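Subject: Structure handover

Hello,

I am passing on the structure we spoke about. Please look it over alongside the notes in this email.

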Amino acid sequence: MKFKNNIIILFIWILLIVWLSSCTNTDNNLNNSDSKIVNEKINQNLKRVWISEFKTELVKNDYTLIDLRTTPELKQTWIISWAIQIDFYAPNFKEKLSYLDKNSKYLIYCRSGNRSGSAIPIMKEMWFINVIELKSWMNTWLSSWEKTLEFE
């Protein structure tokens, strides 16, 4: 009798394990499908652009501008007064990004393009949907800035 009870308990455990593993697989498939759709949208809207396209985006006025330079760098050259500074090298960089609305549009830049280029994958990982990065040197931008745009 004891052997028969042990077999029944073992059979119930096996059924439970099989059922739980099938539920987990179904959930993963749904998550992978949703994740794939979101990733496709992110990949379409996370882009690196040259100065002319970046300036075109600036004129649209439907974004938040983020300056990834350090405070000493800002003192050397302040580009746009309404840009939010989030120091890429700060230990709380990701934390500061986490306070931002991931569905909003962001334009990002730094001094050389290295930090902003490194910020793109971080923002992608954090599920930011729409980020445009200036992929050229800030000095090039500054030299062409006055020639093409005027702001109040």
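The notes below cover the nonpolar cores, the salt bridges and one tyrosine. Please keep in mind that this is a predicted model.

Nonpolar cores. The largest one comprises 18 residues. Leu68, Phe93, Leu97, Ile108, Phe128 and Val131 have the most contacts inside it. At least two residues each come from α4 (93–98), β4 (105–109) and α5 (114–125), and α5 contributes the most, with 4 residues. Another core lies apart from this one and has 11 residues, including Ile51, Tyr63, Ala83 and Tyr109.

Salt bridges. There are 9 in the structure. Glu73 takes part in a bridge to Arg111, with the closest N and O atoms 3.1 Å apart. Glu73 sits in helix α3 (residues 71–76) and Arg111 in the loop between β4 and α5, so this pair ties together parts 38 residues apart in sequence. Glu73 also meets Arg115 in a salt bridge (2.7 Å, N to O). Arg115 belongs to helix α5, so here the parts tied together are 42 residues apart in sequence. Glu73 is buried at 12% relative accessibility, and Arg115 is buried at 3%, whereas Arg111 is partly exposed at 37%.

Within helix α2 (residues 51–60), Lys60 and Glu57 are 3 residues apart, about one turn. They form a salt bridge at 3.1 Å between the closest N and O atoms.

Tyrosine. Tyr99, in the loop between α4 and β4, is exposed at 64% relative accessible area. The Tyr99 side chain makes a polar contact with the side chain of Glu95 (3.0 Å).

Regards

Methods
Residues are numbered from 1 along each chain as its sequence is written. This is a predicted model: local features need pLDDT of at least 70, side-chain atom pairs count only at pLDDT 80 or more; totals for chains, interfaces and linings use all residues. Side-chain values use heavy atoms; hydrogens and water are left out. A nonpolar core is a set of buried Ala, Val, Leu, Ile, Met, Phe, Trp, Tyr and Cys residues joined through side-chain atoms within 4.5 Å. Buried means under 20% relative accessible area, exposed over 50%, partly exposed in between (1.4 Å probe, protein chains only). A polar contact is a pair of N or O atoms within 3.5 Å; within protein, one must be able to donate a hydrogen and the other to accept it, and residues adjacent in sequence count only if both atoms are side-chain atoms. A salt bridge is a side-chain nitrogen of Lys or Arg within 4 Å of a carboxyl oxygen of Asp or Glu.
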